[in-house]
Amino acid sequence: MVAQLKAFIVENGITGGEGLSVILKKYFPEIDVLGLADNVEAALGRIAKLKPDIIFLDIELKKGCGFQIIENLSAKSKYFFIITSHVEKYALKAISYGVTDYLLKPFQLEDIVLALNKVKKKTEARSNKVDDIEIVALPSGNKVELIKKEDIIYLKAEGRYTRFFLKGDINLIACRNIGEYEKLLDPKMFFRIHNSFMVNITQAKNINKAAGNYLELKAANCALLPIAKRKYDLLKKFLNIK
């Protein structure tokens with residue numbers, strides 16, 4: 001790690017939290033484990049007092065839900081959340097909260113290594129004040145529309161053109177094919193789920209398996225988008241669903 005980082009563990013069972021603490025202390029001396037909690041109230045109180053950098057966070061707690069902790073931290077953007085869960089069903093919601101990683105139990109030592117490497121890269125980016133370009137230009141006819149990446153819900157291929165579906169029930173068409181935007185947009189945020197569709201993964205709600213594999217988006221007016229068979233395993237890997 002670039003510098004000593006402080007971690008706090010929130011686990012449904014203290015035994016599991018203690019196990020993770022032992023692993024971190026044994027294999028990651030650059031991580032200072034500040035403490036453990038097994039419920040929302042205790043975790044919020046100790047996090048506010050101890051001010052860790054990294055929060056290892058179980059979702060299903062004895063009292064409350066791990067997402068309540070993220071929602072109640074007013075400066076949540078300064079924390080690196082690494083989700084630890086027995087189930088994959090919370091992965092899309094976790095991604096929408098901007099978590100650093102999602103570890104599916106029982107995870108291996110190498111999974112923790114990869115998660116902490118992501119923390120390292122984000123720490124370096126903060127130190128160097130590396131900011132991503134937030135605007136995308138959409139050439140269309142005799143004008144160029146400038147939109148924020150965060151406003152994009154999904155893209156749809158329409159031959160040589162691409163239609164952008166944006167927040168606020170807005171859609172715009174650009175005279176470039178979807179492949180060009182796949183190269184341009186941040187691969188950590190946008191995923192090509194189908195030859196015809198690319199989505200902003202932070203706008204995804206769940207993977208619906210009822211009638212095949214479909215991605216349901218948060219916007220109420222969005223239909224279910226099909227996930228191509230060859231893309232499904234890649235999507236699971238993208239979301240760190242083991």
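## Basis of the description

Contact is taken here to mean heavy atoms within 4.5 Å. The model is a predicted one, in which local features need pLDDT of at least 70 and side-chain atom pairs count only at pLDDT 80 or more, while totals for chains, interfaces and linings use all residues. Residues are numbered from 1 along each chain as its sequence is written, and side-chain values use heavy atoms, with hydrogens and water left out.

## Nonpolar cores

Leaving aside neighbours within four places in sequence, valine 10 is in contact with Ala37, Ala43, Ile55, Phe56, Leu57, Asp58, Leu61 and Ile69. Val10 also belongs to the largest nonpolar core, which has 23 residues and in which Val10, Ile47, Ile55, Leu57, Ile69 and Phe81 have the most contacts. Such a core is a set of buried Ala, Val, Leu, Ile, Met, Phe, Trp, Tyr and Cys residues joined through side-chain atoms within 4.5 Å, where buried means under 20% relative accessible area, exposed means over 50%, and partly exposed lies in between (1.4 Å probe, protein chains only).

The elements that give two or more residues to this core are β1 (5-10), α2 (40-50), β3 (54-58), α3 (66-72), β4 (80-85), α4 (91-96) and β5 (101-104); helices (H or I, at least four residues) and strands (E, at least two) are DSSP runs, numbered from the N terminus. Apart from this core lies another, of 18 residues, among them Ile95, Ile153, Phe197 and Val199.

In α2, the residues Val40, Ala43 and Ile47 are buried. Seen down the axis of α2, the buried residues fall within an arc of 65°, so they line one face of the helix, the arc being that of the directions from the helix axis to the C-beta atoms. An α-helix has 3.6 residues a turn, so residues three or four places apart point the same way. What covers the buried residues of α2 includes β1, β2 (31-37), β3 and α3, whereas Glu41 and Lys49 are exposed on the other side of α2.

Helix α7 (residues 229-238) has Lys231, Tyr232 and Leu235 as its buried residues. Viewed down the axis of α7, these fall within an arc of 115°, so they line one face of the helix. They pack against β11 (190-194) and β13 (204-208), and the face turned away from the buried side carries the exposed residues Arg230, Asp233 and Lys237.

## Salt bridges

A search of the whole structure finds nine salt bridges, each defined as a side-chain nitrogen of Lys or Arg within 4 Å of a carboxyl oxygen of Asp or Glu. One of them joins glutamate 11 and lysine 105, whose closest N and O atoms are 2.7 Å apart. Because glutamate 11 lies in the loop between β1 and α1 and lysine 105 in the loop between β5 and α5, the pair ties together parts that are 94 residues apart in sequence. Glutamate 11 counts as buried at 5% relative accessibility, and lysine 105 counts as buried at 16%.

Aspartate 101 forms a salt bridge with lysine 118, the closest N and O atoms being 3.4 Å apart. This pair links distant parts of the chain, with aspartate 101 in strand β5 and lysine 118 in helix α5, 17 residues apart. Aspartate 101 is buried, with a relative accessible area of 3%, while lysine 118 is partly exposed at 29%. In the salt bridge between lysine 188 and aspartate 186, the closest N and O atoms are 3.4 Å apart; lysine 188 is exposed at 67% relative accessibility, whereas aspartate 186 is buried at 17%. Salt bridges that share partners join Glu11, Asp58 and Lys105 into one network.

## Backbone exceptions

Most residues other than glycine have a negative phi, and most peptide bonds are trans. Lysine 105 is joined to proline 106 by a cis peptide bond, with omega about -5°, and proline 106 is found in the loop between β5 and α5 (109-128).

Lysine 51, which is not a glycine, has a positive phi of about 55°; this residue is placed in the loop between α2 and β3 and counts as partly exposed at 45% relative accessibility. Aspartate 169 likewise has a positive phi, near 60°, and is found in the loop between β9 (161-166) and β10 (170-174), where aspartate 169 counts as exposed at 62% relative accessibility.
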